[in-house]
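Student: I'd like to learn how to read a protein model, feature by feature. Can we go through one together?

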Amino acid sequence: MATYILYCGSTSIVIGDLPEAGANRYTTIEYTDNLIQYCLDLVIKGNFHIPGDGDALLERIKKQFKYIEAAGGYVLNSRGESLVIFRNGLYDLPKGKVEPGEDVETAAVREVEEETGVSAPKIERKLLDTYHFYRWGNDPTIILKKTYWYLMSIEGCPVPVPQTEEGITDCMWVDDSHIAEMPDKTHRNLRILFNLKIDGKI
């Protein structure tokens, strides 16, 4: 049975099977229509597990909120350094919405090129998908975003250029000695990607 982790503010919600390693980290609850709003508004806090059919639960949740898809890349240069951007006070990775009629791999490459100025990154393999809820500005609409992540490579070490109109103030190549700093200074749904690099899985 499928398992998904949905990030919602300071809360993470596992739907479907609960990994054995996380059995003591989550409170088992039933899904209610107000759950996501309560998590975003910090009415409730913690990490929660909703047992059941993960695929069916995800489809129910997708229909309840505005659902969008995005794609992005974890890019390595020829020296094995990671391409990291700095946006809104946090370390981030290049990503963005999939345009109508665009396939996700094309979107991932385009977003890397647009946000960092690095041309023609090559997709090596699919990494994972992340899900997170958010609101935009003062709009009360709750959005569920699924992001498809790909491992990419680039020849040499081109100088990246931040796309400032997207709130990106810096982009840089980061060696492994500094990647360990990233999980504490990034979005919760991106920690897993930096941790893959730290654990030698990228």
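Tutor: Helices (H or I, at least four residues) and strands (E, at least two) are DSSP runs, numbered from the N terminus. This is a predicted model: local features need pLDDT of at least 70, side-chain atom pairs count only at pLDDT 80 or more, and totals for chains, interfaces and linings use all residues. Residues are numbered from 1 along each chain as its sequence is written, and side-chain values use heavy atoms, with hydrogens and water left out.

Student: Does Tyr150 count as buried or exposed?

Tutor: Buried means under 20% relative accessible area, exposed over 50%, and partly exposed in between (1.4 Å probe, protein chains only). Tyr150 has 5% relative accessibility, so it counts as buried.

Student: Which residues does Tyr150 touch?

Tutor: Contact means heavy atoms within 4.5 Å. Leaving out residues up to four places away in sequence, the residues that Tyr150 touches include Gly73, Tyr74, Ala108 and Leu127. Gly73 is 77 residues from Tyr150 along the chain, yet their C-alpha atoms are separated by 4.8 Å.

Student: What about Arg79, where is it found?

Tutor: Look in the loop between E5 and E6. Arg79 counts as exposed, because its relative accessibility is 60%. Its side chain is joined to that of Glu81 by a polar contact of 3.0 Å. A polar contact is a pair of N or O atoms within 3.5 Å; within protein, one must be able to donate a hydrogen and the other to accept it, and residues adjacent in sequence count only if both atoms are side-chain atoms. Arg79 and Glu155 are 76 residues apart in sequence, but 9.3 Å apart in space, C-alpha to C-alpha.

Student: How do I read a nonpolar core?

Tutor: In soluble globular proteins, nonpolar side chains tend to be buried together. A nonpolar core is a set of buried Ala, Val, Leu, Ile, Met, Phe, Trp, Tyr and Cys residues joined through side-chain atoms within 4.5 Å. Here the largest one has 20 residues, and Leu6, Ile13, Ile15, Ile36, Ile61 and Phe133 have the most contacts inside it. Elements that each supply at least two of its residues include strand E1 (3–8), helix H1 (35–40) and strand E9 (122–134).

Student: Which element gives the largest share of this core?

Tutor: That's H1, with four residues. There is also a second, separate core of 17 residues, and Tyr74, Trp149, Met182 and Leu196 are among them.

Student: How do I tell which face of a helix is turned inward?

Tutor: An α-helix has 3.6 residues a turn, so residues three or four places apart point the same way.

Student: How far apart are the end C-alpha atoms of H3?

Tutor: The expected span of a helix is 1.5 Å times one less than its number of residues. The 13 residues of H3 (residues 104–116) should span 18 Å, and the end C-alpha atoms are 18 Å apart, which agrees.

Student: How many disulfides are there?

Tutor: A disulfide is a pair of cysteine sulfur atoms within 2.5 Å. By this rule the count is zero. The closest cysteine sulfur to that of Cys39 is in Cys8, 4.4 Å away, which is too far for a bond. For Cys157, the closest is in Cys171, at 11 Å, so that is too far as well. Cys39 is buried, with a relative accessible area of 0%, whereas Cys157 is partly exposed, at 31%.
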